[in-house]
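Subject: Structure handover

Hello,

Here is the structure you are taking over. Please open it first, then read the notes below.

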Amino acid sequence: MPPSLTISDVLDVEYPGPPSWSADGDFLAATTYEDDGNVLFVTDPDGNRSWRFAPEECYVADFAWSPTKSELLVATGAGELLLADPERRTTERLLSGPEPTESYTWSNDGTRFAFYRDGRPTVRDAETGTERGFDGPKRGPFLGESRMFAWSDDDTHLAYRFVEDETTHVGVIDVESASGHTDELVWRTHGEMASSCPAWLADGRIIFDRRGEGGTMRRIVAADPETGEEAVLAEEIDRERGIVSSGAPAVSPDGTKIALSLPLDGWDHVHVVDVTSGERTQLTRGTFEDKGVADATPRWVDDETLVFASNRNDPGQRHLFSVTLDGDTTLLVETPGTNVHPRPAPDGETFAYVHADRTRSPELRVSSVADGEPRRLTRSSVEEWPTAPIDPDRIEFESAGRCIDGYLLDPRKSDSVADDAADLPAVVCVHGGPMRQMRDGWHPSRSYGLFYTYHQYLAAKGYACLFVNYRGGIGYGREFRQAIAGSRGKDEIEDVARAGEYLQSLDYVAADSVAVWGLSYGGYATLQVLGTHPDTFSLGINLAGLADLELYRDWAEETKYPAAVSAEVLRMGGEPWVVPERWDEASPVTHMTDYEVPLYNFHGTGDRYVNFEQLDVVVETLTDLGKEFDADHYPDENHVFSKRATWRRTLRKVERVLEDER
């Protein structure tokens, strides 16, 4: 028998995050998951001087390079803030204590940094440690965005996001004020709309992302803090099906333009706006998505050129391109697979990015703009596996009047499964979001890359594994993403059921042994499909899924995001008191009386994305109905479990229950 994969092989795979360059370009850094949390990986562009830093008994929560030196702030999961020197490989403790702190942002001159201390904006002198706290409105309970603070060009004013009147706002503090008043905002947003992601323009105006009207409107607004005058630089409005654009706009180095991805012609493309004239130019066109991941934004190389990821060459892959303001597009990285998170070096000559493909899990790479030859800064542990990974097959099937695709791992390609094997068990894996997309090979994020890795393990043990790209996800245009508006819990669940039927139709699959599982929206889909299509699957496994949508909506609009940006009502076709039947139809709890197969559940009590009470609903309802189920809860665990031991226990149990149902 050939050597086989182990759960340790699965859990040893690392998932580096987006890279970030030091100001001088001598180093770049990224977090990468290792055992029980992220560590900091720092290296020079040649990969010769690499440093992995792991705080004692905790993990790296965030980091930020100094804008003037090759040193960086490192925040830990234990609430400490360290100043790290990659040249000397040393760290110095700057902050620790019981008050929660977060969102560290350097001033432009590198002498100070801003952060939240117990929810209040605070500025600290990097050399002396002197702090000044501001008594303006607090950060609030909602999840953070990519930009929580922004310093003005002269470092005299600080913009930040806060919460007031149950929505997010942007305000500006005069950090040089000699009056001593720390509770006054020079300027702020008002109203019911949600404002976030502040940044400054060269003319002294501040831009921010404004969303509202139940997820049907998004505007990028420029405001003059002195006069309060506002101008709309870009917008997306769809009253019927809701907006789908995401990603904070990127300001050009000279502060005169912004770039962002917008699906105004039906596909996500690169747009640039001149902030003085307000003229918007669409730089790319075609029936493809110029977006690497759901919240990606094109990046400026210089004032004339942007770099971005696109699936124009293959729907399930991503390659890297540059585009000039004249619309001239150049292919930079054509390596097959997924290439995302491009980050140009300060000199614009090279760029770092994350690569994954059929044979390698995510790696950090650097490539030259001139020749496009990649250098690997980290190496996938998949290369050390005792058996080669199985190449996925792209498949298609019809569902509710639409062509749906996915990726199939055929276990007969494995050395451990006979070529003529038959009556094999199968599994459908459903991604979360729903604005995600499974790829032709490893997914670049840990959330779904881990599932892909585990399915390689299952395939080597004889399971046919299908990743379904159901409607609502990215990669296939705006209409595909909007397809679940007003009908949540129906057509996309039909896609999942049809994926199960596709597996049942394969001559080597045992039709009565097809399971379904997923995380987050994938967990929701699992709970929903078992009740609405009870004859399709033999087993369901739910990780942090939604059971009661009205309960989730109430919780989410208090703790996760403001009601102004919530698309829950749009997806349901109306408020619960207007169309109660739709909310019932879309909630799995309504259909649990029709469950005919066992259900296994896993959820962490510290989940910030799906409330743990959803598991309570599952347990209480299935207990009352006398249905067969099992439920595991993990104290303080996150939405995507953080501890290696948690995943080891979960994946071993999943394997065991799949084996029991064969």
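Two strands count as paired if DSSP finds at least two bridges between them. Keep that in mind for the sheet pairings here. Note too that this is a predicted model.

Start with strand β37, residues 509-519. It is mostly covered, with 9 of its 11 residues buried. Strand β35 (residues 424-430) pairs with β37 in the parallel sense, over 6 bridges. There, Val427 stands opposite Ala515 of β37. Strand β38 (residues 539-543) also runs parallel to β37, joined to it by 5 bridges. In that pairing Val516 faces Gly540 of β38. From β37 the chain passes through α5 to reach β38, a right-handed β-α-β crossover.

Next, the cores. Nonpolar side chains tend to be buried together in soluble globular proteins. The largest nonpolar core here has 53 residues. Among those with the most contacts inside it are Val428, Val468, Val516 and Phe537. Helix α5 (residues 521-532) gives this core its largest share, 6 residues. A second, separate core holds 44 residues, including Phe467 and Trp517.

Val468 deserves a click. Beyond its neighbours within four places in sequence, its contacts include Phe397, Val428, Val430, His431 and Asp495.

Last, helix α6, residues 549-559. Its buried residues include Leu549, Tyr552, Arg553 and Trp555. The buried residues of α6 pack against α5, α7, α8 and α10. Asp548 caps the N-terminal end of α6, with a side-chain oxygen 3.1 Å from the backbone nitrogen of Glu550.

Best wishes

How values were computed: Residues numbered from 1 in each chain as written. Predicted model: local features only at pLDDT ≥ 70, side-chain atom pairs only at ≥ 80, totals over all residues. Heavy atoms only, no water. Core = buried A, V, L, I, M, F, W, Y, C linked by side-chain atoms within 4.5 Å. Buried < 20%, exposed > 50% of the residue type's maximum accessible area, 1.4 Å probe, protein only. Helix = DSSP H or I, 4+ residues; strand = E, 2+ residues; numbered from the N terminus. Contact = heavy atoms within 4.5 Å. Polar contact = N/O pair within 3.5 Å; in protein donor to acceptor, adjacent residues only side chain to side chain. Right-handed = clockwise from strand over helix to strand, strands pointing away.
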